[in-house]
Amino acid sequence: PQWPHRVREHILPTTCIYPQSHLHCMIQRSINQSSNNMNQPIDSTTTRNQTRIASLNGAWTVDLRIKTDVGGASMRVWYSWNLLCDPLIQNELLEDQCTDGSTPSTGECDSIFNNEICMRDILDDGVNYGYTCGSMLNNVTDWSDQLMLYHLGYDIDVPGYHEYSDTGDFIGTFAMVLPQPDLDLYKKTHQPRDGERIVDVYQARYVNSVYSDKIFRPSNCSIFSTENFEAMAGKEALNYTIQYQTAPEGTDLYADYYNTCDNGDAHPTLPIVRYEFSQTKTPPITETIDIVFQYKLFVAPSMENAKNWEKAKDYGFPVSGPYCYQGELRGYTVDMDFDSKEGNDFVQYEHACIAGDPCISKAFDRCSLCADIEVRESTGGTTIEIGVVIWLILSTTMLSLFFCCSFINNYMHRRRIKELELEMNGIRESGNDSNVYSLLATNNDQTDTEEASAPLLFSNDTLNPEEVSLASDASHPLKFKAKDATQDGVEQAVEETTPTSRLEPDKFLSRFLENAETAETAETTETEII
């Protein structure tokens, strides 16, 4: 579906205006090229554009809201983060002293694939003014492009269980750099919006900095306990994020820990964010900022409450697990993997605040030049229609049971018919007519309400006194009636008489067959008369 809240920035390299109703410094540009070509758009370049980077500063919010049409279940998850400039950018390398010809780059070190960053050489006797490409994981860098603080929480409500948890306050500060991937290679695997072209891309990368040891748990934080804060949201989570942030796009970092503890515990990480700038192909030229947000919010409920997260999965909420955590299968993730270009029915993105969600950290409020705040209304999320699915499952199940029972019943009847045919053929071929009595006497309909078959007796036929006919009581499966159509076409059934004699075995079979033929002839005659 078309995403209604498009994150759009208009870029002007030299002008920063501060509208009264906007949260951050909106850097605008509106170029009308209908009369002249003097004003040209900022074209794609491999040089980092500080204007575009500055336009990312401010408040960002990702808000997920889902409810079901049956059962009254709902889930709400938010992640709000503030970006502001790091004053330590003063220490950023200038004059390309780290240049080694490699791209993509942050100071010409490979920050995309190898977690490298250009940094000062620090010797035992002090700082050397030489620079080198150092590891983001193993070194504390002396600069970054941006500082990030975040606030997150969730509100989950399923039948029999409700939980609201959040961080209580903004957590940080985390230092980040913004390297550029190779734009030509990027365009081969990523499509722009219709009518636009991709002109610039920045991939957020976390680094260890002087702030990393100052990440503390807020006193009113309920989503992370004192024991697991470092692992889920603090320094340990930062280190694992730096280690994994160069993994190929789409890699499931928790796959090895799903439903097993053979590989140890899963390691929670921080969100991975990419910012993509697209430019309209025709005047007026505008630029759009799209974000790709990849995050698995890791929670570790008690084993007792783990069943409630399983219930959330059953309702269709974006929950995965269980994963191994602290030696137990009680880790779950709320999956937030979204692209603003594609849109999403239950996720709202804003380069601003959303009503009802945390908005501004103290750091941004006191240090940013932009004091005005824009708060946008929530779209309300979406409803998962599980009622139709439930009825479809029930209907399919009932039909399946009906067909299975019908198939089994038909199979049993066919097998019994085949067994009778084989037994009759065997008797005829063996010539042992004495077995006919037992076969016919036991071959009843085999229902629970039937009584045992009466013995086969023979009596004189009232229509043909000279001959002997088969007689039985009303419960016997074989009962013959002769029909006479000679008297005005009216059926006259043969009156049953008391049996007077028995037939010898060798004569019984022949008489049985003759009477069957007589009955068939009578039925044919009756049909013709009717």
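Visitor: How do you know which other strands pair with strand 6?

Guide: Strand 3 (residues 74-85) is joined to strand 6 by twelve bridges and runs antiparallel to it, and six bridges join strand 6 to strand 7 (residues 161-166), again antiparallel. Strand 6 and strand 7 form a hairpin with two residues between the strands, in which Gly160 takes a positive phi near 90°.

Visitor: Why is strand 6 called largely enclosed?

Guide: Buried means under 20% relative accessible area, with exposed over 50% and partly exposed in between, using a 1.4 Å probe and protein chains only. Eleven of the 13 residues of strand 6 (residues 146-158) are buried, so the strand is largely enclosed by the rest of the structure. Over the chain of 530 residues, 43% count as buried.

Visitor: Is Thr173 buried or exposed, and how do you know?

Guide: Thr173, which is found in strand 8, has a relative accessibility of 17%, and therefore counts as buried.

Visitor: What makes Leu147 and Tyr211 contacts of Thr173?

Guide: Contact means heavy atoms within 4.5 Å, and, leaving aside neighbours within four places in sequence, Thr173 is in contact with Leu147, Met148, Leu149, Tyr211 and Ile215. Thr173 and Ile215 are 42 residues apart in sequence, while their C-alpha atoms are 6.3 Å apart in space.

Visitor: What makes strand 13 largely enclosed, and what does it pair with?

Guide: Seven of the seven residues of strand 13 (residues 319-325) are buried, so strand 13 is largely enclosed by the rest of the structure. Five bridges join strand 13 to strand 14 in an antiparallel arrangement, with Cys324 opposite Leu329. In their hairpin, which has two residues between the strands, Gln326 takes a positive phi near 55°.

Visitor: Which residues does Thr260 touch, and where is Thr260 placed?

Guide: Thr260 lies in the loop between helix 4 (235-244) and strand 11 (272-280), and, not counting residues up to four places away in sequence, Thr260 touches Cys324 and Leu329.

Visitor: Why does the approach of Thr260 to Asp262 meet the distance limit for a polar contact?

Guide: A polar contact is a pair of N or O atoms within 3.5 Å; within protein, one must be able to donate a hydrogen and the other to accept it, and residues adjacent in sequence count only if both atoms are side-chain atoms. The backbone nitrogen of Asp262 lies 3.1 Å from a polar atom of the side chain of Thr260, so the distance falls within the 3.5 Å limit.

Visitor: How do you know what the numbering and the values rest on?

Guide: Residues are numbered from 1 along each chain as its sequence is written, and side-chain values use heavy atoms, with hydrogens and water left out. Because the model is predicted, local features need pLDDT of at least 70 and side-chain atom pairs count only at pLDDT 80 or more, whereas totals for chains, interfaces and linings use all residues.

Terms used:
Helices (H or I, at least four residues) and strands (E, at least two) are DSSP runs, numbered from the N terminus. Two strands pair if DSSP finds at least two bridges between them.
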